[in-house]
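Please look at the sequence and the structure shown here before reading on.

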Amino acid sequence: MRGILRSPDFRRLWLADVLSQVGNRIDFLVIPLLATTTLAASVAEVSLLRTLSTLPYLLLGLQVGAWCDRMRNRPVLITADLARAALIGSVPLAAVFGSLTLGHLYVVVLLAGGFTVFFNVAHQTYLPNLVERGELPDANARLQTNLSVAAIAGPGLGGMIVQFVGGAGAMAVDALTYLWSAAWLRRIRMPDARPEPAERNLRREIGEGLRTVVHNPLLRAIALHGAVSSLFQSMFMAVSTVFMVRDLHVAPFMIGLLGTISLIGALLASGIARRLGARFGAARALYFGAAVYSVSFLLNAFATQGWGLAWWVAGGFGSSFGIIVLGVFETSFRQAVTPHELLGRVSSVSQTVVFGIAPLGSLLGGFIAELTSTRVTLYVCGIGILAASAILIASPLRKMRDLPLAEGAVKND
């Protein structure tokens with residue numbers, strides 16, 4: 001067994017994460033499909049499901065960060081898994097008794113989204129408890145591998161499960177993945193660090209997290225780059241399917257196939273990210289990921305019919321490769337420079353700005369496409385993401401090679 005997987009407790013965390021990520025991707029496919037086929041939901045009603053699933057980041061993101069810094073993280077992770085298992089499991093149960101409604105699905109995705117916010121923030125806060133600072137890139141790369149495998153295998157696996165056992169049956173399988181995750185998390189042996197007792201003031205605690213990100217030049221650059229990239233990536237997601245169908249006349253099956261081929265780049269990145277960091281240094285590996293990611297997004301705008309679709313494949317392959325390398329090292333640097341007692345709040349700030357700006361990007365992408373064309377919008381997205389890389393170039397990363405060896409190694413302004 002190689003690298004960080006030799007650590008029994010990290011291995012348990014990794015096993016908890018692997019099938020849960022696949023379950024998340026199944027959930028992403030099956031719930032809208034169930035609403036469309038079984039409940040005859042309209043396009044607007046299905047879109048509302050997507051909105052409700054991410055709304056908790058805007059409503060709860062900053063508060064959850066403060067709460068996670070007050071609590072031991074492993075119980076938060078286990079509780080979030082069990083709660084999501086119960087919520088998702090209520091869907092097939094309601095279907096069996098013939099009482100499933102669209103309102104039921106709305107409640108499930110909203111509440112499950114809330115517990116997902118708790119899980120994601122606590123997960124990033126918990127990881128530095130299990131591994132040494134120098135092992136963070138390896139650990140984050142292993143977890144990103146799970147994400148990549150799930151992104152590739154999840155939709156196809158979800159489709160097969162729906163084919164054999166129906167949408168409600170697929171939701172039952174999804175619920176089991178959360179129980180799998182909770183079972184492995186319970187087996188972690190390292191004691192969970194209990195935060196030091198302190199006076200509780202939610203507004204002050206949230207403010208501390210925000211100030212830490214704003215005043216630390218490295219954390220500020222990572223958060224800004226994530227927010228700007230998320231804005232233009234959301235614009236791209238809003239118009240990409242329309243571009244493929246109406247401009248390039250690509251069949252739905254081929255769209256799915258091209259997307260799967262593109263995601264192989266993410267799987268490749270997960271396998272070599274830690275090697276890039278070991279060979280060239282974490283900062284240079286992050287720069288490399290940012291360069292590949294930003295340049296590749298622009299390639300999509302050159303796609304045409306026939307062999308011109310190779311531009312689309314190249315763009316998708318490169319951007320998925322780059323975003324995984326970026327994710328590994330941006331997360332590692334954030335965990336390395338953030339004081340332990342602020343990890344939850346800093347993680348929640350980063351996730352809130354990334355997910356919170358996504359709806360604005362979607363609206364802006366549709367608006368630009370209406371005024372001009374989908375191809376022009378793709379050019380805007382590519383140029384915007386390319387320009388966002390300047391944020392990282394101007395950051396303290398240009399003077400660094402590896403992760404800081406101690407908290408506070410990157411001084412505040």
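**Helix packing briefing**

Helix H9 (residues 282-299) and helix H13 (residues 374-393) have axes that come within 7 Å and cross at roughly 165 degrees. H9 and H13 are therefore roughly antiparallel to each other, a term for angles over 145 degrees. This is a predicted model, in which local features need pLDDT of at least 70 and side-chain atom pairs count only at pLDDT 80 or more, while totals for chains, interfaces and linings use all residues. Residues are numbered from 1 along each chain as its sequence is written, and side-chain values use heavy atoms, with hydrogens and water left out.

**H9 with H13**

- H9 passes H13 in a left-handed crossing.
- The contact (heavy atoms within 4.5 Å) includes Leu-286, Tyr-287 and Ala-290 of H9, and Tyr-379, Gly-382 and Ile-383 of H13.
- By class, this contact of H9 with H13 has 13 nonpolar, three polar and no charged residues, with Gly counted as polar.

**H4 with H11**

- Helix H4 (residues 102-130) packs against helix H11 (residues 343-356) at an angle of about 135 degrees, and their axes are 9 Å apart.
- Asn-120, Val-121, Gln-124, Thr-125 and Pro-128 in H4 meet Leu-343, Gly-344, Ser-347, Ser-348 and Gln-351 in H11.
- The residues of the contact of H4 with H11 divide into three nonpolar, seven polar and no charged.

**Helix H10**

- Of the 29 residues of H10, 23 are buried, so H10 is largely enclosed by the rest of the structure; buried means under 20% relative accessible area, with a 1.4 Å probe and protein chains only.

Technical notes:
Axes are lines fitted to C-alpha atoms, for helices over the stretch in contact, and angles run from 0 to 180 degrees between N-to-C directions. Helices (H or I, at least four residues) and strands (E, at least two) are DSSP runs, numbered from the N terminus. Buried means under 20% relative accessible area, exposed over 50%, partly exposed in between (1.4 Å probe, protein chains only). Angles under 35 degrees count as roughly parallel, over 145 as roughly antiparallel, 65 to 115 as roughly perpendicular and the rest as oblique. A crossing is left-handed if the near helix is turned anticlockwise from the far one by less than a right angle, and right-handed if clockwise.
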